[in-house]
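Please look over the sequence and the model before reading on. The paragraphs after them walk through the structure.

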Amino acid sequence: MWRILRGPRARAGADIVINVALTPASIQPAPVAVVIDVLRASSTITEALAAGYRRIRCCRTIEQAEALREPGRVIAGERACIKPPGFELGNSPAAFRRLRGQEVVLTTTNGCPAMFAAAAVCDRVLVGSLLNLEAILAELDGAGDVVLVCAGTDGAPAIEDTYLAGRISATLGGARSDSARIAEAVAAAHPRPSTALRAGRGAAALLAAGLAADIDWCAQESVLDVVPQLSALDGDVALVDESAPTSRSRQEPDLVLLSPGTAAG
Ligand code: MLT
């Protein structure tokens with residue numbers, strides 16, 4: 001289930017601090033943030049960049065998204081899990097595998113706002129999902145203190161986001177805040193990603209909307225070697241591109257993916 005990779009760096013993590021914001025409202029400043037919205041915004045952003053879209057323009061409102069309409073831009077997003085009228089796509093990650101333009105304009109309920117919350121207090125903002133877990137871990141290796149920002153659901157913590165934050169925290173090692181340890185406990189309680197993804201309100205809303213397939217899609221682990229990064233804030237729009245492929249894709253990752261309950265270091 002969890003692939004074990006061994007290497008020296010696990011010990012290097014000992015001198016970093018890992019914090020988790022269980023909701024964007026509790027975010028604390030850090031050099032690096034990873035915004036996590038497993039169901040589904042982070043998964044969609046990762047899938048779209050992996051498919052070849054050059055940029056994702058994240059915005060807060062439907063009106064802003066509409067105002068960004070231009071040839072070559074795909075207008076996408078959701079409200080209450082549903083594609084808004086007039087949009088080309090909703091927020092189902094699989095739908096972004098086929099290129100329909102050069103850029104995506106995206107507005108979602110929790111994931112996009114979490115990007116702005118992170119950008120307000122962190123120097124570097126990455127986007128994490130299960131789809132790119134290994135790539136995110138390699139990118140964080142040696143990157144310093146990090147805050148894992150869970151988008152949550154309507155201002156409340158979400159099990160699936162907390163689960164992924166716990167997986168990352170447990171693997172990175174280093175000094176962990178209590179919220180990071182809470183996230184690790186949630187990760188340890190779920191032997192498989194799918195059980196965590198199906199346990200919360202987010203999944204219930206997707207099931208009610210007939211989008212069960214999206215849950216299984218988002219539960220795939222480390223299938224995309226892409227790290228989305230917030231490259232700029234253009235007014236009230238967050239521009240997300242693929243982080244310049246660091247040496248990670250050329251070098252065998254050497255972090256330890258720990259099984260539940262095993263402390264790092
Ligand atoms: C969000 O950003 O709120 C989620 O991605 C919502 C969804 O995908 O339905």
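What follows moves from confidence in the model to a pair of helices, then to aromatic rings and the backbone.

This is a predicted model, in which local features need pLDDT of at least 70 and side-chain atom pairs count only at pLDDT 80 or more, while totals for chains, interfaces and linings use all residues. Residues are numbered from 1 along each chain as its sequence is written, and side-chain values use heavy atoms, with hydrogens and water left out.

The average pLDDT (the predictor's confidence in each residue, from 0 to 100) is 90 for the chain, and 86% of the residues score at least 70. Over residues 1-12, however, pLDDT stays under 50, and the model gives this stretch 31 contacts beyond four places in sequence, a contact being heavy atoms within 4.5 Å. Residues 246-265 also have a pLDDT below 50, with 51 contacts in the model beyond near neighbours in sequence. Where pLDDT is low, the predicted coordinates should not be read in detail.

Helices (H or I, at least four residues) and strands (E, at least two) are DSSP runs, numbered from the N terminus. The axes of helix H6 (residues 159-172) and helix H7 (residues 178-188) come within 7 Å and cross at roughly 105°; axes are lines fitted to C-alpha atoms, for helices over the stretch in contact, and angles run from 0 to 180 degrees between N-to-C directions. H6 is therefore roughly perpendicular to H7, a term for angles of 65 to 115 degrees. Among the residues making the contact are Ile-159 and Tyr-163 of H6 and Ala-180 and Glu-184 of H7.

Turning to aromatic rings, a search of the whole structure finds zero aromatic pairs, where rings of Phe, Tyr and Trp (its six-membered ring) pair if their centres lie within 6.5 Å. Arg-60 lies over the face of Phe-116, at 4.1 Å from the ring centre; the criterion is CZ of Arg within 6 Å of the ring centre and within 35 degrees of the ring normal.

Along the backbone, the peptide bond from Leu-39 to Arg-40 is cis, with omega near 0°, and Arg-40 belongs to the loop between strand E2 (30-36) and helix H2 (41-51).

Definitions and conventions. Parallel < 35°, antiparallel > 145°, perpendicular 65-115°, else oblique. Phe/Tyr/Trp six-rings, centres within 6.5 Å; stacked < 30°, edge-to-face > 60°.
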